[in-house]
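Colleague: Please take a close look at one part of this model for me. I would like to follow the salt bridges and what surrounds them.

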Amino acid sequence: MAGSEKRDELRTAIESTRAQLEATNARIEARAGRNLVFAIGSGVVFGGVFLASLLLVKQIFVVLVAALVAIALVELASAFRVAGRRVPRIGVVVGGLVVVGGAAFWGAQGMLLGLFAGSLVLIVWRLVEGLVPAWEAPPKTVVRDVFSGLFTIVYVAFLASFAVLLVAAEHGEWWVFALVLVVVSVDVGAYAAGVSFGKHKMTPRISPNKTWEGFAGAAAVAAGTGVLVSVFALHQPWWVGVIIGVVVLFTATGGDLTESLIKRNLGVKDMSSWIPGHGGFLDRLDSLLPSAVGVYGVALILGVV
């Protein structure tokens with residue numbers, strides 16, 4: 001009997017602890033808008049893949065960027081279709097990869113030429129779709145669809161190509177490492193401060209979970225992370241790290257809000273559900289895309305690229 005009572009007590013204690021953990025996780029998820037366990041787990045996996053591709057072979061990193069761009073282009077094109085805009089998924093992927101390929105093989109000039117060529121591919125693709133009745137692409141929507149597709153290529157492929165330009169520079173892998181690390185620090189700082197102290201909403205109509213307390217936490221963590229990565233990885237003065245932190249603070253926050261506004265206008269919650277706890281790939285790239293432009297600009301001013 002004594003053994004049975006101890007087992008019952010142990011079972012009761014375990015169930016009580018599990019219920020408390022589930023309740024705590026539910027409260028965090030309600031305030032932060034994501035499943036914490038899945039978010040951390042998938043974040044660690046993708047972080048490991050990113051570091052391996054970046055620090056081992058640069059070419060693998062470029063291939064990874066191209067793959068992520070292709071997936072994100074499909075996600076955004078599909079989201080546009082939910083709103084009644086027929087953006088050709090194959091057309092935007094081909095056009096986007098032309099942009100990334102141009103940056104990888106011919107640098108900044110190649111990226112710009114690739115943007116022109118990729119846009120032309122998209123336009124021709126959509127016009128051809130309009131001539132094929134079986135594809136259910138009414139000609140009257142062509143102009144709207146083309147502009148939505150061009151936005152998709154610029155927003156995803158063109159901005160992502162700045163990371164390709166950055167990694168191609170001498171010791172560029174460390175600049176990309178700094179870019180991602182500071183962006184992650186902004187996300188972590190905003191998340192931690194927002195969940196712990198968040199009371200004053202920043203943009204309730206666009207992103208209800210963002211608070212000014214979270215923004216302040218992101219600013220502090222981004223500046224500190226920027227200084228550390230600047231001194232120890234980039235071998236730059238500490239004030240360069242402060243500049244990187246401030247730049248990424250605004251570009252990452254702006255990128256997150258921009259994607260939230262896009263999703264709200266298109267009537268979707270997440271771009272997809274492919275990443276547990278994070279939504280879609282574009283939901284994870286929203287802060288990185290404009291931040292790649294910002295960090296590239298800092299490196300360009302310093303003469304690194």
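Modeller: Asp145 is buried, because its relative accessibility is 1% and the cut-off for buried is under 20%. Keep in mind that this is a predicted model. Asp145 has a salt-bridge partner, Arg144. Their closest N and O atoms are 4.0 Å apart. Arg144 is partly exposed, with a relative accessible area of 40%.

The structure holds eight salt bridges. Another of them joins Glu129 to Arg86. Here the closest N and O atoms are 3.3 Å apart. Glu129 lies in helix 4, while Arg86 sits in the loop between helix 3 and helix 4. The two parts are 43 residues apart in sequence, so the pair ties them together. Glu129 counts as buried, at 6% relative accessibility. Arg86 is partly exposed, with a relative accessible area of 21%.

Two packed helices are described by the angle between their axes and the distance between the axes. Helix 3 covers residues 58-82 and helix 4 covers residues 89-130. Their axes come within 9 Å. They cross at roughly 150°. An angle over 145 degrees counts as roughly antiparallel. Helix 3 and helix 4 are therefore roughly antiparallel to each other. The crossing of helix 3 past helix 4 is right-handed.

Glu259 pairs with Lys263, and the closest N and O atoms are 3.7 Å apart. Both residues are in helix 8, four residues apart, so about one helical turn separates them. Glu259 and Lys263 are both buried.

Helix 8 (238-266) and helix 7 (212-232) each supply at least two residues of a nonpolar patch. The patch has an area of about 740 Å². It is made by Leu228, Val231, Phe232, Trp238, Trp239, Ile243 and Leu302. Leu302 is placed in the segment after helix 10 (288-301). Leu302 counts as partly exposed, because its relative accessibility is 34%.

Terms used: Residues are numbered from 1 along each chain as its sequence is written. This is a predicted model: local features need pLDDT of at least 70, side-chain atom pairs count only at pLDDT 80 or more; totals for chains, interfaces and linings use all residues. Side-chain values use heavy atoms; hydrogens and water are left out. Patches are made of residues with over 30% relative accessible area and no salt bridge: like charges are joined within 9 Å, nonpolar side chains (Val, Leu, Ile, Met, Phe, Trp, Tyr) within 5 Å. Accessible areas come from the Shrake-Rupley method with a 1.4 Å probe; for residues, only the protein chains shown count as cover. A salt bridge is a side-chain nitrogen of Lys or Arg within 4 Å of a carboxyl oxygen of Asp or Glu. Buried means under 20% relative accessible area, exposed over 50%, partly exposed in between (1.4 Å probe, protein chains only). Axes are lines fitted to C-alpha atoms, for helices over the stretch in contact, and angles run from 0 to 180 degrees between N-to-C directions. Angles under 35 degrees count as roughly parallel, over 145 as roughly antiparallel, 65 to 115 as roughly perpendicular and the rest as oblique. A crossing is left-handed if the near helix is turned anticlockwise from the far one by less than a right angle, and right-handed if clockwise.
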